[in-house]
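Open your viewer and keep the selection tool at hand. This tour goes stop by stop, with something to select at each one.

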Amino acid sequence: MQNIFDYPAFLFILSFVVMWLAARIGASVLRRFRSIEEDARDDFGVIEAATLTLLALIIGFTFSMAVARYDQRKNYEEEEANAIGTEYVRADLLPAADAATVRGLLKTYLDERVLFYTTRDDDELARVNAETERLQAAMWSSIKNVAAAQPTPVTALAVSGMNDVLNTQGYTQAAWWNRIPAAAWALMVVIAVCANLLVGYGARGLKAGAGLLLIVPLVVSLAFGLIADIDSPRGGEIRVKPQNLHALVDSIRPR
């Protein structure tokens, strides 16, 4: 299920409009009620700088959260490829007929895992998830039957490898669900709006500072858009590419 944070470009535009309006309100509306006296401008400057500093810290922490989640998704893609590749090799430990069955299932499963990383369509994703569950059940049933018929340490290696294949898919799914909390976004937006209100309120002249009032909204909106792009597994342009899975596909197809 997608939300506004899965559309970084739209979030950037919306954020810029909101932040710019906040700056304009501060410059035109708030100053009509009470302008800043010269003897209080130094104190106001301290408050404004502190608010902007807090905003910068919150944006920095949120950006760090987004990057950490992106790295986690990337690492799990590598682990998935390693687990599937290892189990494909360990299939040699099984009887010939069972090995062929497990390898065939693994090849089909690998194609579905590649689609999981590349698709952006919700209907296609639902089909991929359903097919993934079906293949997991089939692979586990095949390996379980062999283990029950031949409970040897050699067979146990194949069972352990299949267990890793199933586990890494679960870790990957959990990492893709792990997003920046809505509360963190809400706090960041509130602080950003307050900061832009203060910037507009502290502007000495509305006409002279009209261009300057665009700078902070633009910078903050760019930061919001970048964070949303990195944090969104499917909606942004910065996405985890299944390079290791593609390499595994190329390595096992000729066999």
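**Stop 1**

Select Lys74, which is partly exposed, with a relative accessible area of 39%. Remember as you look that this is a predicted model. What do Lys74 and Asp71 form? They form a salt bridge, and the closest N and O atoms are 3.9 Å apart. Next, show helix H2, residues 41-90. Lys74 and Asp71 are three residues apart in this helix, so about one helical turn separates them.

**Stop 2: A pair between two helices**

Select Glu80 and Arg113. Their side chains meet in a salt bridge, at 2.8 Å from N to O. Which helices hold the two residues? Glu80 lies in helix H2, and Arg113 lies in helix H3, residues 96-118. The pair therefore ties together parts that are 33 residues apart in sequence. Is Glu80 buried or exposed? Glu80 counts as buried, at 0% relative accessibility. Arg113 is buried as well, with a relative accessible area of 0%. Buried means under 20%, so both values qualify.

**Stop 3**

Select Asp231 and Arg179. Here a salt bridge joins the side chains, with 3.0 Å between N and O. Where does each residue sit? Asp231 is in helix H7, residues 215-231. Arg179 is in the loop between helix H5 (153-177) and helix H6 (182-202). The two residues are 52 apart, and their pair links distant parts of the chain. Asp231 is buried, with a relative accessible area of 1%. Asp6, Arg179 and Asp231 belong to one network, joined by salt bridges that share partners. How many salt bridges does a search of the whole structure find? The search finds nine.

**Stop 4: A nonpolar patch**

Leave the charged pairs. Select Ile13, Val17, Leu21, Ile25 and Val29, and show their surface. Together they make a nonpolar surface patch of about 390 Å². Zoom in on Ile13. This residue lies in helix H1, residues 8-33. Is Ile13 buried or exposed? Ile13 is exposed, with a relative accessible area of 52%. The cut-off for exposed is over 50%, so Ile13 passes.

Key. Residues are numbered from 1 along each chain as its sequence is written. This is a predicted model: local features need pLDDT of at least 70, side-chain atom pairs count only at pLDDT 80 or more; totals for chains, interfaces and linings use all residues. Side-chain values use heavy atoms; hydrogens and water are left out. Patches are made of residues with over 30% relative accessible area and no salt bridge: like charges are joined within 9 Å, nonpolar side chains (Val, Leu, Ile, Met, Phe, Trp, Tyr) within 5 Å. Accessible areas come from the Shrake-Rupley method with a 1.4 Å probe; for residues, only the protein chains shown count as cover. A salt bridge is a side-chain nitrogen of Lys or Arg within 4 Å of a carboxyl oxygen of Asp or Glu. Helices (H or I, at least four residues) and strands (E, at least two) are DSSP runs, numbered from the N terminus. Buried means under 20% relative accessible area, exposed over 50%, partly exposed in between (1.4 Å probe, protein chains only).
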